[in-house]
Amino acid sequence: MLDAARALDAEVVVREETGPLADAELRRALRDFDIVLPTLGDMFSAQVFADVGGARCRLLANFGVGYNHIDVAAAHAAGIAVTNTPGAVTDATADIALMLMLMSARRAGEGERMVRAGQWPGWHPTQMLGLHMSGKRVGIVGLGRIGQAIAHRCHYGFGMEVHYTSRSEKNVPFPAVRAPDLMALAEGVDFLVIAVPGGAETHHLIGEDVFNAMAPHGHLVNISRGDVVDEAALASALTEGKIAGAGLDVYEFEPQVSEALLGMEQVTLLPHLGTAALEVRTDMGRMAVANIAAFLNGETLPNPV
């Protein structure tokens, strides 16, 4: 990606640190650069745009499909275009969702910890019994690109019955039943997988009422954005046995993870691995650079948001 960026007719400044931009850096980015390539931790809020006033920046070429860390309305009001990288992340994120479903249902994380700790007594017929995933019913909250890729894997790979919620009926090449609402979906499935965008509309979409509706043997998987799930309510639901387990790749206060969840054997915790494959991250970078190239050439942006 860096080589591709340097091939552009532009001066490229590379930030060596991998953590999110600090408050001063966010403002400097808008003030001193024509184009910024942010990542998901770089919080370009409305206040940041307001503080800068007349920004030099004219494009935020986001490295990632999710852009809830950018106040797009405030960016547009400041005359700044925003792009993202849809499509490049679909299959890799869907793969992680299936891995979390299996790990949670079959207690894989718990089992690995047992082996590494030298506490495995050997096989016996009732040891670490989990939930068989094949043939079960999966509920997918949000049937966009990633949701459909998850559903495809569930149906064709595991013979699962697919149910979903979405703003509109989806025409997909496999059997899928649209639930009338989120609560009806939660009540009738063995796995509830979250695949909606982040943002104000979906903040704490999954909370106490949803966990109360789920079956005691049910598993929750979140590969969307951390704050879509109320983590305090999730911890309570797991403690009280309202659901059997959870698999998380994202967190409400990322990178901080709830101490309550950290202490639970029935929770599988991954460090936001959704797109962490070399080919995928390379494609994301190239897509971001393609948006930058189009901007510099005065062409239509391939992926505006």
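Author: Let's start where β9 meets β10: the two strands run parallel and are joined by 3 bridges. Within that pairing, Ala246 stands opposite Val267 in β10. Before going on, a word on the source: this is a predicted model, where local features need pLDDT of at least 70 and side-chain atom pairs count only at pLDDT 80 or more, while totals for chains, interfaces and linings use all residues. Residues are numbered from 1 along each chain as its sequence is written, and side-chain values use heavy atoms, with hydrogens and water left out.

Strands here are DSSP runs of E with at least two residues, helices are runs of H or I with at least four, and both are numbered from the N terminus. Two strands pair if DSSP finds at least two bridges between them.

Now back to β9 (245-248). Its other listed partner is β8 (219-222), and these two also run parallel, with 4 bridges joining them. His219 is the residue standing opposite Gly245 in β9.

What about the faces of β9? In a regular strand, side chains alternate between the two faces of the sheet. In β9, Gly245 and Gly247 lie on one side and Ala246 and Leu248 on the other, and all of them are buried, meaning under 20% relative accessible area with a 1.4 Å probe, protein chains only (over 50% would be exposed, and in between partly exposed). Both faces of β9 are covered, then.

How does the chain get from β8 to β9? Through α10, and the three make a right-handed β-α-β unit: with the strands pointing away from you, the path from the first strand over the helix to the second runs clockwise.

That helix, α10 (residues 231-239), has its own buried residues: Glu231, Ala233, Leu234, Ala235, Ala237 and Leu238. β8 and β9 are among the elements that cover them, and so are α9 (208-213), α11 (259-262) and β10 (267-269); contact here means heavy atoms within 4.5 Å.

Look at the two ends of α10 as well. At its start, a side-chain oxygen of Asp230 comes to within 3.2 Å of the backbone nitrogen of Ala232. After α10 comes Gly241, with a positive phi near 75°.

Technical notes. Polar contact = N/O pair within 3.5 Å; in protein donor to acceptor, adjacent residues only side chain to side chain.
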